[in-house]
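Please look over the sequence and the 3D view before reading on.

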Amino acid sequence: MDQSLRERPVARLRGAGSVGLPEEHSPGSPLSVHDLTVAYHRKPVIWDIDLEIPEGKLVGIVGPNGAGKSTLMKACLELVPRSSGEVRIFGEPYRAQRKLVGYVPQRESVDWDFPVSVLDVVAMGTYGRLGWLRPVNRRCKGLAMEALEKVGLADFAHRQISQLSGGQQQRVFLARALAQDARVYFMDEPFAAVDAATERAIVGILHDLKRRGRTCLVVHHDLATVEEYFDWLVMLNMRVVASGPTAEVFTAENLRKTYGGKLTLLSEAATAVSKEAGGAE
Amino acid sequence: MRKGAGILCVFLFLATAAAEASADSWRDDFASVVLLRDYNTRLVLVSTTLLGIAGGLAGSFLLLRKRSLMGDALSHATLPGIVLAFMFAVHFTGTGRSFAVLITGAAVTGLLGCVVVLLIRSLTRVKDDAAMGIVLSVFYGAGVVLLSIVQHMPEAGTAGLESFLYGKTASMVRADFYLVSGAAVISLIASLALFKEFRLLCFDEGYARSMGWPTHALDVLMLLLVTLVTVVGLQAVGVVLIIAFLIIPAASARMWTSRFGWMLALAAGFGGASGWLGAGLSALAPGLPAGAVIVLTAAALFVLSLLAGPDRGVIARTVRARALKRRVERQHLLRGIYEVLEESGPAPHLAGDSVPLIPWAVLERKRSWSPRELRGVVRRAYRRGLVETMDRDGVRLTDAGARAAARVTRNHRLWEIYLVEYADIAPTHVDRDADAVEHILGAGLIRRLEASLPVAARPAADGVPASPHPIR
Amino acid sequence: MEWYVFDTWIVAVGALCAAACALAGSFLVLRRMSMMGDAISHAVLPGLAVAFLLTGSRTSVVMFIGAAATGVLTAVFTQWVSRLGNVERGASMGIVFTTLFALGLLLIARGAERVDLDPGCVLFGAIELTPLDVVADWTVFGVHLEIPRAFVVLGVVFLLNLAVVVFLFKELRISAFDPALATTLGLHAGFMHYLLMTMVAVTTVAAFEAVGSILVIAMLIVPPAAAHLLTDRLGTMVVLSVVLGVFCAAGGHAAAVFLPALTGHDAVSTSGMMAVAAGILFFAAALFAPRHGILAKGRRSPRG
């Protein structure tokens, strides 16, 4: 059991990070979380989270409903207040590294009646790089178009966003993250209630990102596809139950060892949850 | 709070206003207001109190349906109805001062406005807020147009209309009193009779519909109730300030309770109290518009509730959040010390002179604490008698601290094992406080958890199991 | 009824007011904060009163600052109440603006002998009288122009709003569409919120001095809501709502001038008529909008 619970932490190099360095010299891991506790109202939602994520991995974050997966992500991005702990992106606090971080929120978080085209939404990914006041230029639109091609929605560029299906909306969000060209991506349930085509498209994008050395953290529900999609796994249930290479953490033998007889129950519960649209986290 | 300060200013204002009257007459006034000696004052006080009760009840439903501003749209939408009714009455009876006719007109267009809001929302992509804004401004605009026609009508003065717009609380007459009391009684009866149905509708409309309840009819009934209170209240406090009666007491009540029945009762109480106190204050200080004073009284009660509400109040929540943070810090400290001492052996001595001091630097590394934060945490633990501080060199646990550290660490590790072994049950929001582990999991399960640990990690002599994972 | 130069000025003032409001209102509607316009326009009353009581002057600048400041405060208080008390935003808006309005009434009543503020004027405005308050007297190409003060004030506010919308278009768009993303991209959504609130407050104050608070709300909300039904592009929606607003202003005043002549009454309230015109326009858009109109939807739905 012991070796399954925690990989040897990757050496943490603090304070040496800098935004401008080329990728090969990135200091620190893309995400290191230490002691993170978040509480809503009076009860903690996640407790004492310690995480070290190595660069260039596709990281699945799994756990039962209400385990705090989305909360962990939002706390890393400072979208919810932390009760304690620290989060470092490439060795620096998040605020200093915003430009390196891409966020793909849950689909329900925005108003899909908003009067913008698909291309407009994807171009929003470039706003951070543009900064204040500079208008959206041709180059941004070009980047947005490239990203749309990657998710297979180039033909839809000038549609209004409400005319897309749920899966297509999810791909638009993903394209927006691609246009942002971040180095570490936080994706909140991108596979929730999407069609098979979208699921394939998302997997393709994830692999493309991995090839380019990017790190992706993905909140995921379906244990059946975990091995196939991710090479690193974080099992979360208020605290980190296990974190490590999927091959080590998620082998049948290891799972039996970790969960005892509960595995079938667990995967059943997880599958049932993933079938519910969006999950209720 | 700046708002609190603002309201304080208002009370100072009131105080000075009251003091302007000579002391003797002031005492007389006070007595006559409190004891309801004066007939007119009595009428006004009782009317505004009843109105407050009715407003609190009707407003509670609006608040729970997340439609508080519907009262806003509704009260503005009454204007064209009032003016039309006035014109109608002038045309047929020669005078437009009939209160009953005016409020009938008000009720008709007010309800029509609500229905239009609901229609816009369900038929177009325009959202709630814009639909209310559209109805409010367009209906009111139409009212203004009609009013400008009336003002040029040679037949009658518009005296009766003025009071509808700003409220003429002080000039209520017996007929108004009957109307207001009637409305209050009706809203009381309706909320009692339909208590169960309204609760279901507020809580879960979809479920209510699936159970076969006529939700649309209930919705309209609820809006009728609000309309009734609004049109009756127009006379008392005016077109803008009746909105306050529909929102503020209900919002105040919400700060004190999460139970539906209690909320209705409290909202009625807050509404009644605001009406009584506000009208009383304005009777004491002539020249102050009663409607405004009533609203400010209600607002003062709201600020009080906002601060002092036992569960949702600002003070309670701040205290709670701080206590939680402190508790987490304290447990981190105790567990951190335990883990450092544990390196010397599986069942370490935790307290006593033979135990070495733990240097500050070691603890800092244990947690993501800055030296300053750590000193704060240790200082608070010291005050609780958990650690002895040796200023420069480091920290040592007291006997009590040692017991607490062992308990905290044991609970923490048992929870860890539990979450690993039984991860299919998400114990979301369990309170993982000190002794809670036995209470929640039960002694039997804990024995099983302990038994499931590998031999090397069995609980040591002090009952603390070894950590199921390497400690860094 | 006849049309005078006077009437042209009224339309011009109304049109500028509508255009300035539509610029700010578009984003208000998209952020689902339409009622903030209503709240702010009511809540500026104590600002006016305090500004007057403190300075004893009715000069526009002081009043303007006082009122605009209370307008922004309304937004701040609303945010506080809803965050501190976990109160729904609509309710907290209602609490704040009714309280401020009551405070304003009280202040006016206290200083009644000194303050020449008529709540009726605040609510209804007096657009018919704006051409009387002339600020400049120019002769351009032989045409004698008496420029009303309201025209200048609203013109400045319109240009300010235009500048904000043009230069911060992308920031306004992203913070309205996805505030969380805006914040993670380093474009502070909170700042944009208060910038928009300031725009609304300044516009409201400038406009209601001239045209009354009801017309302000009508112009803030109705044309953008109608434009939202007609288009799926934000840029188009903003431009369209300006055009619709101007159209309402012109149509409203024309109706106010010519309609009563037909029915035999005197002239009716122009600001009321403008609101009614906006309502009719919205009704038409809701029915006949090409894709999102009720009729178009009705035609589509039977087929699936």
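In chain A, Asn237(A) has Arg239(A) of β10(A) standing opposite. The model is a predicted one. The points below start from this pair of strands, then take up the sheet, the helices and the contacts between chains.

**Strands β9 and β10 of chain A**

- β9(A) and β10(A) form a hairpin with 1 residue between them.
- Met238(A), in the turn, has a positive phi of about 70°.
- The two strands run antiparallel, and 6 bridges join β9(A), residues 232–237, to β10(A).
- Are the residues of β9(A) buried or exposed? Of its 6 residues, 6 are buried, so β9(A) is largely enclosed by the rest of the structure.
- Trp232(A), Val234(A) and Leu236(A) point one way from β9(A), while Leu233(A), Met235(A) and Asn237(A) point the other way. Residues of both groups are buried.

**Trp232 of chain A**

- Trp232(A) lies in strand β9 of chain A.
- Trp232(A) counts as buried because it has 24 C-beta neighbours inside 10 Å.
- Val59(A) stands opposite Trp232(A). Along the sequence these two are 173 residues apart, yet in space they are 4.6 Å apart, C-alpha to C-alpha.
- Leaving out residues up to four places away in sequence, Trp232(A) touches Ile53(A), Lys57(A), Leu58(A), Val59(A), Pro245(A) and Thr246(A).

**The sheet of chain A**

- β3(A) pairs with β9(A) in the parallel sense, over 4 bridges.
- Both strands belong to an open sheet of 6 strands with the order β6-β7-β8-β3-β9-β10 in chain A, and its pairing is mixed.
- Which strands stand at the edges? They are β6 and β10 (239–245) of chain A; each has a single partner strand, so one side of each is left without a neighbour in the sheet.
- On average, neighbouring strands of this sheet are turned by 15° against each other, direction ignored.
- Helix α2 of chain A, residues 69–76, packs on the sheet and touches β3 (58–62), β7 (184–187), β8 (215–219) and β9 of chain A. The direction of α2 makes about 140° with that of β8(A).
- α6(A) lies across β6 and β7 of chain A and runs at about 170° to β6(A).

**Helices α6 and α7 of chain A**

- Helix α6 (residues 166–180) of chain A packs against helix α7 (residues 196–211) of chain A at an angle of about 15°, and their axes are 9 Å apart.
- α6(A) and α7(A) are therefore roughly parallel to each other.
- In passing α7(A), α6(A) makes a left-handed crossing.
- From α6(A), Gly167(A), Gln170(A), Arg171(A), Leu174(A) and Leu178(A) take part in the contact; they meet Ala197(A), Thr198(A), Ala201(A), Ile202(A) and Ile205(A) in α7(A).
- By class, the residues of this contact are 6 nonpolar, 3 polar and 1 charged.

**Contact of chain A with chain C**

- Between these chains, 20 residues of chain A are in contact with 22 residues of chain C.
- β6 (101–104) and α4 (127–130) of chain A each supply at least two residues of the side that touches chain C.
- That side of chain A has 15 nonpolar, 4 polar and 1 charged residues.

**Contact of chain B with chain C**

- Here 52 residues of chain B are in contact with 53 residues of chain C.
- On the chain B side, α1 (2–20), α5 (99–123), α6 (128–151), α12 (242–256) and α14 (290–308) each supply at least two residues.
- Which element gives the most to this side of chain B? α6(B) does, with 15 residues.
- The side of chain B that touches chain C has 36 nonpolar, 9 polar and 7 charged residues.
- α6(B) packs with helix α10 (residues 213–230) of chain C at an angle of about 135°, their axes being 9 Å apart. That angle makes α6(B) oblique to α10(C).
- The crossing of α6(B) and α10(C) is left-handed.
- Residues of α6(B) in this contact include Ala130(B), Gly133(B) and Tyr140(B), and those of α10(C) include Ile214(C), Ile217(C) and Ala225(C).
- The residues of this contact divide into 12 nonpolar, 3 polar and no charged.

Conventions:
Residues numbered from 1 in each chain as written. Chains lettered and ligands numbered in written order. Predicted model: local features only at pLDDT ≥ 70, side-chain atom pairs only at ≥ 80, totals over all residues. Contact = placed C-beta atoms within 7 Å. Nonpolar A, V, L, I, M, F, W, Y, C, P; charged D, E, K, R; others polar. Axes fitted to C-alpha atoms, helices over the stretch in contact; angles between N-to-C directions. Parallel < 35°, antiparallel > 145°, perpendicular 65-115°, else oblique. Left-handed = near helix turned anticlockwise from the far one by under 90°. Pairing = 2+ DSSP bridges. Buried ≥ 20, exposed ≤ 12 C-beta atoms within 10 Å, placed from the backbone.
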